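Please read the points below with the sequence and the model side by side. They are arranged by topic, and each can be checked on its own.

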Amino acid sequence: MRIVCLLIALLFSPLLSTTQAQIGANHNKPAREEWLKDAGFGMFIHWNVDTQLGVVISHSLVGASPDYVERYISELPKTFDPKDWDAERIVMLAKNAGMKYIMFTTKHHAGFCMWDTKTTDFGVMNTPYKKDIVRQYVDACRKWGLAVGFYYSPEDFSFAYRNGMKDITRDDHWAKAKPFQAKYKQFVEDQCKELMTKYGPVDLFFIDSDVLREEVKATVWKYQPNCLITRGVLQTPEQYLPGETLTTAWESNMTMGTAWNYKPTNEHYKSGTELINVLIESRAKGGSYLLNVGPTQWGSLNEGQQGRLMEVGAWHFINQEAVHNVRPWIVRNEGDIWFTKRKDENTVYAYLTNMPDWPRGQRRTFLLKSLKTTGSTEVSVLGQSGNIVEYQPDNDGKTRFKQTPDGLEISVVRAQRIYNNHKWPNPIVVKLTNVVAALEPAHFKTVNAEKLPNGNLRLTAAVAKLGTGKDYRIGFEYRPVQSSLNEEFNQKWTETDVYPIAKTGEQSLEIVRGNIKSYDEIEYRAILYQDGLKIEGNTQKISQLKLE
């Protein structure tokens with residue numbers, strides 16, 4: 001059913017600007033942030049003493065009874081003995097999956113330390129295992145050429161509990177710690193000093209709390225000024241991708257399933273294809289994808305996680321040049337075709353997504369509106385020569401292209417045999433060298449939403465500049481707010497009607513009550529059609545939406 005919308009206003013007021021939230025001083029070296037843009041893909045490892053229970057990492061302590069907290073701190077370490085932990089195996093899985101760095105959880109909010117520390121007895125050295133896991137992880141990364149990253153939480157539930165916080169809380173944690181704040185601060189600084197001085201160069205650092213964040217940053221940069229701090233300095237969206245292309249370095253961290261810690265039951269892992277699609281979208285938007293895995297209580301990754309890493313690795317082995325050292329194209333996608341541009345080169349990669357049933361040997365044709373050929377343009381499919389289609393000797397597997405008045409037409413055969421049954425559900429990547437932009441896209445932002453007294457919803461976009469097109473139409477899309485924690489991650493958008501525009505300024509549409517479902521929270525974005533090419537704007541959110 002079509003969504004009925006009313007064109008409310010074409011207002012020509014000053015444009016609203018959005019800037020990165022103020023998250024403290026940035027002493028990251030520009031070259032290190034550039035490195036993250038080039039790397040583009042990393043592994044997150046969440047692992048904690050409560051992996052033995054299969055519960056949410058650390059957070060079961062919040063609001064827990066004293067009996068629970070006491071047993072958590074005193075009893076769980078007694079049985080933590082990860083006999084199958086092999087740092088090299090996990091590092092090699094990461095390397096083969098195409099990841100350039102790993103972020104390892106040295107200490108989560110519970111306070112259990114995975115390294116040999118003098119600051120507390122709540123750590124791995126006071127377990128049957130009695131070995132420094134962080135040291136093993138660092139050595140494995142260095143052996144196999146991956147960058148070393150440390151996750152660290154300065155918010156420490158066990159420390160707070162032992163110093164008088166009997167009701168562990170997050171909402172006002174620092175305020176409740178007022179009687180021992182000075183001791184807390186020293187404790188955190190001592191731990192960070194250990195991490196920065198015991199293991200040689202640390203490439204990246206992830207600070208997962210507002211508590212003492214600036215003190216942690218200062219300590220990290222004091223001892224290792226070349227360390228790149230991601231969370232605490234850069235935008236690090238958690239469990240979702242930003243709704244816009246960003247020019248600054250950013251890192252999206254997501255779970256493979258619905259939990260950070262290993263979840264032994266009732267878990268739902270994303271498919272390999274879903275993980276690959278998230279990686280593609282991250283790169284198209286200029287960011288890095290930090291994919292989380294969770295070792296079991298014995299220290300290994302289960303078959304589900306290993307298998308998905310291997311599937312991602314197979315895709316990366318074919319298409320690796322389209323993953324690293326790339327930057328956003330003038331538009332991030334044309335429908336299901338996503339784009340990146342080779343850094344400092346006129347080479348564009350087109351990722352043909354959402355075509356799981358493309359038979360091997362079949363030719364398909366696509367029209368790309370944002371690209372234009374030059375006299376030296378070449379087009380190919382990564383991983384295949386096009387000279388041979390196995391068991392189909394009469395099939396011409398060559399990639400063909402031609403420039404038409406409507407756009408660049410490419411004709412592609414899926415020739416390479418990846419799986420034994422000749423089926424490969426993952427995106428094919430087309431490489432286009434020596435191409436140029438065919439247009440200048442319009443520039444616009446999704447700026448705000450308003451719940452009206454009559455129950456309707458007014459969405460607004462600010463158009464800063466029209467591009468080189470002749471026909472422009474604007475509208476919106478919306479859906480429930482997405483999170484990688486949900487099994488239904490990445491639901492489809494519902495599109496409103498679109499209306500012609502001819503000028504810059506604010507453009508608003510009112511969605512009539514009854515034509516939108518009630519959600520606790522929705523995300524929405526402006527969309528603009530420029531001569532038929534759909535361009536998607538940034539995403540905004542509105543909460544407690546109850547249109548009845």
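1. A disulfide is a pair of cysteine sulfur atoms within 2.5 Å. By this rule the count comes to zero disulfides. The sulfur of Cys-113 has its closest cysteine sulfur in Cys-192, and at 10 Å the two are too far apart for a bond. Cys-113 is buried, with a relative accessible area of 0%, and Cys-192, also at 0% relative accessibility, counts as buried; here buried means under 20% relative accessible area, exposed means over 50%, and partly exposed lies in between, as found with a 1.4 Å probe on protein chains only.

2. Before going further, please keep in mind that this is a predicted model, in which local features need pLDDT of at least 70 and side-chain atom pairs count only at pLDDT 80 or more, while totals for chains, interfaces and linings use all residues. Residues are numbered from 1 along each chain as its sequence is written, and side-chain values use heavy atoms, with hydrogens and water left out.

3. Helices (H or I, at least four residues) and strands (E, at least two) are DSSP runs, numbered from the N terminus. In helix H1, which covers residues 30–39, the buried residues include Arg-32, Glu-33, Leu-36, Lys-37, Asp-38 and Ala-39. After H1 comes Gly-40, and the phi of Gly-40 is positive, near 80°.

4. Two packed helices are described by the angle between their axes and the distance between the axes. The axes are lines fitted to C-alpha atoms, for helices over the stretch in contact, and the angles run from 0 to 180 degrees between N-to-C directions. How do helix H3 (residues 87–96) and helix H4 (residues 133–144) cross, and at what angle? Their axes come within 9 Å and cross at roughly 45°, and H3 and H4 are therefore oblique to each other; angles under 35 degrees count as roughly parallel, over 145 as roughly antiparallel, 65 to 115 as roughly perpendicular and the rest as oblique.

5. The crossing of H3 with H4 is right-handed, a term used if the near helix is turned clockwise from the far one by less than a right angle, whereas anticlockwise gives left-handed. On the H3 side the meeting residues are Ala-87, Glu-88, Val-91, Met-92 and Lys-95, and on the H4 side they are Gln-136, Tyr-137, Ala-140, Cys-141, Lys-143 and Trp-144, where contact means heavy atoms within 4.5 Å. By class, this contact of H3 with H4 has seven nonpolar, one polar and three charged residues; Ala, Val, Leu, Ile, Met, Phe, Trp, Tyr, Cys and Pro count as nonpolar, Asp, Glu, Lys and Arg as charged, and the others, Gly among them, as polar.

6. Helix H7 (residues 181–197) packs with helix H8 (residues 213–223) at an angle of about 30°, and their axes are 9 Å apart. That makes H7 roughly parallel to H8. The contact is made by residues of H7 that include Cys-192, along with Lys-185, Val-188 and Glu-189, and by residues of H8 that include Glu-215, Val-216 and Tyr-223. Its residues divide into six nonpolar, two polar and four charged, and the crossing of H7 and H8 is right-handed.

7. For helix H9 (residues 272–284) and helix H10 (residues 303–319), the axes come within 9 Å and cross at roughly 55°. That makes H9 oblique to H10. Among the residues making the contact are Leu-275, Ile-276 and Leu-279 of H9 and Val-312 and Trp-315 of H10, and the residues of this contact divide into six nonpolar, two polar and two charged.

8. Most residues other than glycine have a negative phi, and most peptide bonds are trans. Asn-325, in the loop between H10 and strand S9 (326–327), has a positive phi near 60°, and at 31% relative accessibility Asn-325 counts as partly exposed. Asp-531, in the loop between strand S24 (519–530) and strand S25 (533–545), has a positive phi near 50°, and at 38% relative accessibility Asp-531 counts as partly exposed.

9. Finally, Glu-409 has its place in strand S16 (residues 407–413) and, at 27% relative accessibility, counts as partly exposed. Leaving aside neighbours within four places in sequence, the contacts of Glu-409 include Thr-365, Phe-366, Leu-367 and Arg-400.
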